[in-house]
Amino acid sequence: MSQFEQFASDNYSGVCPQAWKAMEAANAKPEPAYGEDSWTLRAADSLRALFDTDCEVYFVFNGTAANSLSLASIGQSFHSVICHELAHIETDECGGPEFASNGSKLLLGQGPEGKLTPESIEHLVTKRTDIHYPKPKALSLTQATEVGTIYTPEELKVIKSVADKHRLNIHMDGARFANAVAALDVHPADITWKAGVDVLCFSGTKNGLAMGEAVVFFNRSLAEDFEWRCKQAGQLASKMRYISAPWCGLLENDTWLDNARHANACAARLANGLKDIPGVAFRYPRQANGLFVEMPEPVQEALRARGWRFYNFIGGAARLMCSWATTHERVDQFIADVRELMEQFPADQILHTA
Ligand SMILES: *Cc1c(COP(=O)(O)O)cnc(C)c1O
C-alpha cells in the first residue's frame with residue numbers, strides 16, 4: 001500500500017464539506033472581530049436550540065484549553081477535581097488544568113472500561129475531609145471515554161446523586177460527545193444538563209472541523225467572567241468567525257450527528273469484521289467510534305509496514321479510531337489485511353503475545 005492509511009485518530013481527518021462551505025461563506029465579507037460577529041451569535045444560538053436551554057457558549061481553539069479553563073472556572077486553587085485515572089485531563093494535557101487553576105489537584109479514581117464508578121468518587125471525597133487536603137469541588141467525566149466506552153443515562157443519574165450529596169459540580173469532557181449522543185440515541189439534553197452536567201466541552205475538531213471547541217455552561221453562574229479567562233489564556237480568537245462559522249455548518253441539518261453516526265458505524269463494521277479472526281481480541285467493548293484491539297506484536301508491525309497507522313498507548317492494544325472521513329472500503333481493507341497477517345504468523349507466537 002503506497003498511500004498513507006490510518007485509524008490513528010479522529011483528528012487525523014480533514015474538514016467535513018459542510019464546515020468547509022460555512023468557512024467559505026464567512027470569508028465573503030468583513031465582520032466584527034473577537035466574537036462580536038453574526039456567525040458567532042448564530043453558532044451560540046444554534047447550540048442553545050440544540051440543548052434546548054439558555055446556556056452560555058464560548059469558543060476556544062482546542063480541547064485542552066476548553067477543559068482547563070472550564071475546570072478553572074469551577075473551583076479555586078485549593079480545590080480538587082475528581083477524574084478517572086485514564087482521563088485526558090490527567091494523561092494528555094501536560095498539567096493544563098492544574099496550571100489554569102493555579103494549582104487545583106486532580107484526584108484520580110478508578111473504574112472498569114474507563115468509567116468512574118460512584119464508589120470510587122465516594123471514596124475520594126470521603127477519605128479525607130480535613131483542612132490539609134485539597135477540597136473536592138468538581139467531577140470530570142469523559143463522554144465517550146478515552147477507551148471508547150459510554151456512560152449511560154442511568155449511570156449518569158447515579159453519579160449525579162453522589163455529586164449532589166457532596167456538592168460537586170460536574171464537568172464533561174465531550175471530545176467525543178457527538179459519538180456518545182449518536183450511540184445512545186438520546187437528546188443531547190438528556191446526558192448533559194438534565195443529568196446534572198454544569199459545563200460541557202463539546203468538540204468540533206474531532207467531529208469534522210479544522211479546529212474549535214464549544215464550552216457550554218448549563219450552570220450559567222460558573223461562566224462569570226469566563227471571557228476574561230479565555231482572553232488571558234490566549235484563547236480569544238480575533239477572527240472568531242472562522243471557528244464559529246464552521247460550527248454553524250456542523251449544527252445545521254444535524255451534520256454533527258451524521259458525522260458521529262458514520263464514525264460509530266465504521267467502528268462497528270471494524271469490530272464486526274475483526275471479531276471472528278482467531279487470535280484477535282477486544283480490550284474494551286466497542287460502543288462509540290473507537291476500537292481497542294489486541295493482536296500479536298508481529299502482526300501489528302506488519303500492518304504498520306503496509307502503511308496502516310494506529311496508536312498503542314493504552315496497554316499495548318491497538319487503538320483504531322474512526323471519523324466522519326473513514327470509508328467502508330478502508331475498513332474492509334484493514335480487516336482483510338489483519339486476517340491475512342494473522343494466518344501468516346504461527347499460533348505459538350500468537351499465544352506468546354496474547
Ligand atoms: C482529543 C481529546 C481532547 C482534546 O485535545 P486537544 O488536543 O487539546 O484538542 C480532550 N479530551 C479527550 C478525551 C480527547 O480525546
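Start by selecting Gln300: at 1% relative accessibility this residue counts as buried (under 20% relative accessible area, with a 1.4 Å probe and protein chains only). Gln300 belongs to helix H12, residues 297-305 (helices are DSSP runs of H or I with at least four residues, numbered from the N terminus). Now show the side chain of Gln300, which reaches the backbone oxygen of Met295 at 3.0 Å.

A note on the model before moving on. This is a predicted model, where local features need pLDDT of at least 70 and side-chain atom pairs count only at pLDDT 80 or more, while totals for chains, interfaces and linings use all residues. Residues are numbered from 1 along each chain as its sequence is written, and side-chain values use heavy atoms, leaving out hydrogens and water.

Next, select the ligand and display what surrounds it: Asn62, Gly63, Thr64, Asn67, His88, Glu93, Thr142, Glu146, Asp173, Ala175, Arg176 and Lys206 (a residue is near a molecule if one of its heavy atoms lies within 4 Å of it). Colour helix H3, residues 63-74, which gives the most to this shell, with 3 residues.

Now look at the oxygen atoms of the ligand. One lies 2.6 Å from an N or O atom in the side chain of Thr64. A backbone N or O atom of Gly63 is 2.9 Å from a ligand oxygen, and a polar side-chain atom of Lys206 is 2.6 Å from a ligand oxygen. Taken alone, the ligand exposes 390 Å², and the protein buries 81% of that (areas by the Shrake-Rupley method with a 1.4 Å probe).

Notes. Polar contact = N/O pair within 3.5 Å; in protein donor to acceptor, adjacent residues only side chain to side chain. Helix = DSSP H or I, 4+ residues; strand = E, 2+ residues; numbered from the N terminus. Buried < 20%, exposed > 50% of the residue type's maximum accessible area, 1.4 Å probe, protein only.
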